[in-house]
Amino acid sequence: MLSVVFTRPNRWRFFWKHTFLEIDQIGINSLPIVALMSTFMGAVIALQTASSMESPLLPDYTVGFITQSSTILEFSPTIISLILAGKVGSNVASEIGTMRVTEQIDALEIMGVNSLNFLVLPKITAALVFFPVLVVFSMALSMFGGWLALLVSDLTTTEIYILGIRSFFNPFHITYALTKTLVFGFLIVSISSFYGYYVKGGSLDVGRASTQAVVSSSVAILIANFILTQLMLLS
Amino acid sequence: MIEVKQVSKSFNGQKVLFDIDHVFEEGQVNLIIGQSGQGKSVLAKCIVGLYEADAGQILFDKRNFTEMDRYERSNIRQEIGMLFQGAALFDSMTVEQNVMFPLQMFTNMTKAEIQARADFCLDRVNLAGRNKLMPSECSGGMQKRVGIARAIAMNPRYLFCDEPNSGLDPKTSIVIDKLIRDITQEYKITTVVITHDMNSVMEIGDHILFIHQGKKWWEGDRHSIINATNPEIESFVYASSFMKEIRSLLQKKAQ
């Protein structure tokens with residue numbers, strides 16, 4: 001399937017137009033859920049860490065440091081990708097699946113359009129372009145949420161929190177997080193497109209394909225997360 | 001002209017088409033008829049390449065479609081227009097955008113030329129002024145007409161219609177049939193219509209292929225099918241009480 005997807009588009013104008021539409025649909029439309037999740041998760045991470053800080057040997061800035069590291073390493077790239085697997089994966093599978101059962105894909109093929117390339121490549125491109133933006137946005141909001149929660153609960157000061165955020169910061173962790181995001185984005189869209197494109201039957205089958213797409217994408221993300229962590233952080 | 005030579009097709013080991021040989025003539029409305037599940041749509045989908053035939057050859061004006069690669073097939077397909085059973089309009093596009101789509105995709109026409117061609121095609125199917133409607137705002141008959149407009153937009157040499165009258169009332173069905181016949185004669189194209197509607201058979205059946213149990217069972221025209229003595233054709237043609245009534249009237253008249 002992928003060898004057919006990654007061919008030269010019939011018309012670049014259509015490709016770019018569809019890519020921007022997909023950026024809007026699967027990227028910009030995901031901003032509210034990503035913002036909400038990230039702010040609250042950051043707040044909870046900070047509060048949970050603060051509540052566990054019983055040892056006087058631990059410096060005050062530990063809360064900021066743990067919020068920063070858990071957000072960058074795991075929460076933003078992986079958890080947000082899992083959420084996007086649900087939102088974007090089901091959307092992609094049901095959209096392409098509906099086109100399949102209503103013969104719209106056959107209509108494209110009859111016209112001589114490479115339907116896989118026409119439908120899937122803009123989605124993959126949009127995911128690869130915009131998922132990293134969503135994850136960086138999520139990182140920022142998560143740390144903001146942590147700061148807000150600590151401030152409201154009077155558990156630390158802004159200076160100490162920022163000191164924690166900046167402590168032991170490793171720029172490679174950003175590279176690691178964004179690499180994971182690109183892989184996860186590719187997996188979500190290609191797996192969901194596969195389930196949608198090869199669906200057979202009617203609307204019930206489109207629903208089933210959509211569910212399978214979300215489950216398979218999520219499992220693929222978890223496995224890829226493990227492999228990438230082994231490769232990038234431990235080797 | 002489309003030639004089908006010894007075409008066979010199986011699904012999961014079950015053979016659904018048995019060595020079909022047939023010629024679909026240019027400038028005529030060629031019908032593929034038969035009961036549901038006999039292989040009509042499978043044959044049509046093999047011809048246009050949506051299904052890969054297990055054996056046999058399909059020739060579009062002597063060009064062997066079965067031996068072509070994806071790129072060559074894409075070129076042939078630009079000469080094919082197809083009207084699908086459910087119209088298969090792109091539901092995210094307006095009526096006009098649906099008709100313009102193949103022109104924008106495959107021609108180097110200017111915006112104005114594309115607009116003019118889309119207007120002409122919509123006018124040809126009596127949908128002038130409905131350009132901005134979404135497919136969901138169109139009735140079944142209108143959707144079929146948009147489907148025809150999109151199918152003829154590229155001036156096809158071959159037109160395929162998969163059950164063009166399904167879900168339509170008898171009056172709208174006649175409009176669609178007439179449109180298919182007129183377009184075929186006007187542009188001298190090879191039209192293949194898959195149907196099990198006897199009204200269509202009698203209205204537009206220049207050349208009829210009857211498929212039964214995946215085999216070519218009979219061929220002829222709309223005049224000869226009425227008098228065909230083959231029991232399978234008889235049971236197909238005179239399946240409805242209305243047709244039975246007509247037959248008894250004709251028989252009485254003959255006596």
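Two strands pair if DSSP finds at least two bridges between them. With that in mind, welcome to this predicted model. Chain B is divided into domain 1 (1-79 + 159-170 + 183-229) and domain 2 (90-155), and chain B also makes a contact with chain A. Below is a friendly tour, topic by topic.

**Confidence in chain A**

- Chain A has a mean pLDDT of 92, with 100% of its residues at 70 or more.
- Within chain A, helix α8 (residues 171-197) has the highest confidence, at 95, while helix α1 (residues 2-5) has the lowest, at a mean of 78.

**The open sheet of chain B**

- Four strands of chain B make an open sheet in the order β2-β1-β4-β5, and their pairing is antiparallel.
- At the edges of this sheet are β2 (14-24) and β5 (63-64) of chain B, each of which pairs on one side only.
- Strand β1 (residues 2-11) of chain B pairs with β2(B) over seven bridges, in the antiparallel sense.
- Within β2(B), B:Leu17 is the bridge partner of B:Lys9, and B:Lys15 stands opposite B:Ser10.
- A hairpin is formed by β1(B) and β2(B), with two residues between them; B:Asn12 in the turn has a positive phi of about 50°.
- β1(B) also pairs with strand β4 (residues 55-60) of chain B, antiparallel and over five bridges.
- In that pairing, B:Ile2 has B:Phe60 in β4(B) as its bridge partner.

**Two residues with positive phi**

- Most residues other than glycine have a negative phi.
- B:Asp19, however, has a positive phi near 40°, and this residue is placed in strand β2 of chain B.
- B:Asp19 counts as partly exposed because it has 14 C-beta neighbours inside 10 Å.
- B:Lys188 has a positive phi as well, near 50°, and lies in the loop between α6 (170-187) and β8 (190-195) of chain B.
- B:Lys188 has 10 C-beta neighbours inside 10 Å, so it counts as exposed.

**How the domains of chain B meet**

- The centres of domain 1 and domain 2 of chain B, taken over C-alpha atoms, are separated by 25 Å.
- Seven residues of domain 1 of chain B and eight residues of domain 2 of chain B take part in their contact.
- On the side of domain 1 of chain B that touches domain 2 of chain B, five residues are nonpolar, two are polar and none is charged.

**How the chains meet**

- The contact between the chains takes 13 residues from chain A and 15 residues from chain B.
- On the side of chain B that touches chain A, the elements giving two or more residues are α2 (70-77), β6 (80-83) and α3 (95-106) of chain B.
- That side of chain B has ten nonpolar, four polar and one charged residues.

**The largest nonpolar core**

- The largest nonpolar core has 128 residues, and those that touch the most other members include A:Ile188, B:Ile32, B:Leu43 and B:Met82.
- Helix α6 (residues 115-152) of chain A provides the largest share of this core, 17 residues.
- Domain 1 and domain 2 of chain B each give at least three residues to this core.
- Leaving aside residues up to four places away in sequence, B:Leu43 touches B:Leu17, B:Ile20, B:Ile32 and B:Ile211.
- In soluble globular proteins, nonpolar side chains tend to be buried together.

Conventions: Residues numbered from 1 in each chain as written. Chains lettered and ligands numbered in written order. Predicted model: local features only at pLDDT ≥ 70, side-chain atom pairs only at ≥ 80, totals over all residues. Contact = placed C-beta atoms within 7 Å. Nonpolar A, V, L, I, M, F, W, Y, C, P; charged D, E, K, R; others polar. pLDDT = per-residue confidence, 0-100. Domains from an automatic or database assignment. Core = buried A, V, L, I, M, F, W, Y, C linked by C-beta atoms within 7 Å. Buried ≥ 20, exposed ≤ 12 C-beta atoms within 10 Å, placed from the backbone.
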